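Trainee: I'd like to get to know this chain by asking about its parts. Can we look at it together?

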Amino acid sequence: MATKLSADLLFQLAKVRRSIYPLNKELPISTTRIHEIVKEATLHTPSSFNAQTNRAVVLFGGEHEKLWDITSDTLKAVVPEDQFKATADKLALFKGAAGTVLFFEDTTVTKGLQGKFPLYADRFPQWAIHSLGMEQFLIWTALEVEGLGANLQHYNPLIDAKVAETWKVPETWRLDAQLVFGGKTSEAGPKEFQNIDERVKVHGA
């Protein structure tokens, strides 16, 4: 007999997903398990027209640290020197974590759909972003449930070219976000919420 599920289980899992800073390199699960989580999430994330445009690259150890060195070098060229310390401190937090998931959209697939369905051509890029957001939420939540902490960053498009060059990423993959993960050094504090009745309206019930 199948186990009866409830939406409450989903909400319980969603509530544990928080932005955690800082993180360390002590992982409570194996890198193999993390790889498995990313693959399962990528496989089962919904996408418009079943386009499956999401792509991911998982970086551990020295490869992860290399990403944040690249980001630091890139930002040094655009952030005034007298303002860089705050940026450097933030990037050091990310580098001190255990790994990063890089999220991409395969624009070849998106452009193919735009050509096949011209009526919706202007919508496909946005729908691809929607799918990436769902995947990011799914992986982030899964890692939290497994005992890790994580936070989502967006240093694209500044680092796009160097990331593509360093990890041989196809030119058609557009970088969307970076999920930093690692062992928790603390828990997130209380979260404030706006009045939900001002955010959700119901008609006809």
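Trainee: Which residues in H2 meet Glu135, Leu138, Ile139, Ala142 and Leu143 in H6?
Mentor: First, this is a predicted model, so local features need pLDDT of at least 70 and side-chain atom pairs count only at pLDDT 80 or more, while totals for chains, interfaces and linings use all residues. Residues are numbered from 1 along each chain as its sequence is written, and side-chain values use heavy atoms, leaving out hydrogens and water. Helices (H or I, at least four residues) and strands (E, at least two) are DSSP runs numbered from the N terminus, and a contact means heavy atoms within 4.5 Å. On the H2 side, the residues are Ile34, Ile37, Val38, Ala41 and Thr42.

Trainee: How many nonpolar residues does the contact of H2 with H6 have?
Mentor: Ala, Val, Leu, Ile, Met, Phe, Trp, Tyr, Cys and Pro count as nonpolar, Asp, Glu, Lys and Arg as charged, and the others, Gly among them, as polar. This contact has one polar and one charged residue, and its nonpolar count is eight.

Trainee: At roughly what angle do the axes of H2 and H6 cross?
Mentor: Two packed helices are described by the angle between their axes and the distance between the axes. Axes are lines fitted to C-alpha atoms, for helices over the stretch in contact, and angles run from 0 to 180 degrees between N-to-C directions. The axes of H2 (residues 31-44) and H6 come within 9 Å, and the angle is roughly 150°.

Trainee: And H5, is it parallel or oblique to H6?
Mentor: The axes of H5 (residues 107-116) and H6 (residues 124-145) come within 9 Å and cross at roughly 140°. Under 35 degrees is roughly parallel, over 145 roughly antiparallel, 65 to 115 roughly perpendicular and the rest oblique. So H5 relative to H6 is oblique.

Trainee: Which residues of H5 make that contact?
Mentor: From H6, the partners are Phe124, Pro125 and Ala128. By class, the contact of H5 with H6 has four nonpolar, two polar and no charged residues. From H5, the residues are Thr110, Leu113 and Gln114.

Trainee: How much of residues 15-182 is helix?
Mentor: In an unreviewed entry, UniProt lists that span as "domain: Nitroreductase"; such annotations may be inferred rather than shown by experiment. Its end C-alpha atoms lie 19 Å apart.

Trainee: What is the relative accessible area of Phe103?
Mentor: Phe103 sits in strand E3 (residues 99-106). Among the residues it touches are Leu132, Glu135 and Ile139. Phe103 is buried (under 20% relative accessible area, with exposed over 50% and partly exposed in between, using a 1.4 Å probe and protein chains only), because its value is 0%.

Trainee: Leu175 is in which strand?
Mentor: Leu175 counts as buried, at 3% relative accessibility. Its contacts include Leu102, Phe103 and Phe104. Its C-alpha atom is 28 Å from that of Thr185, 10 residues apart along the chain. The strand, covering residues 173-184, is E5.

Notes. Lists of a residue's contacts leave out its neighbours within four places in sequence.
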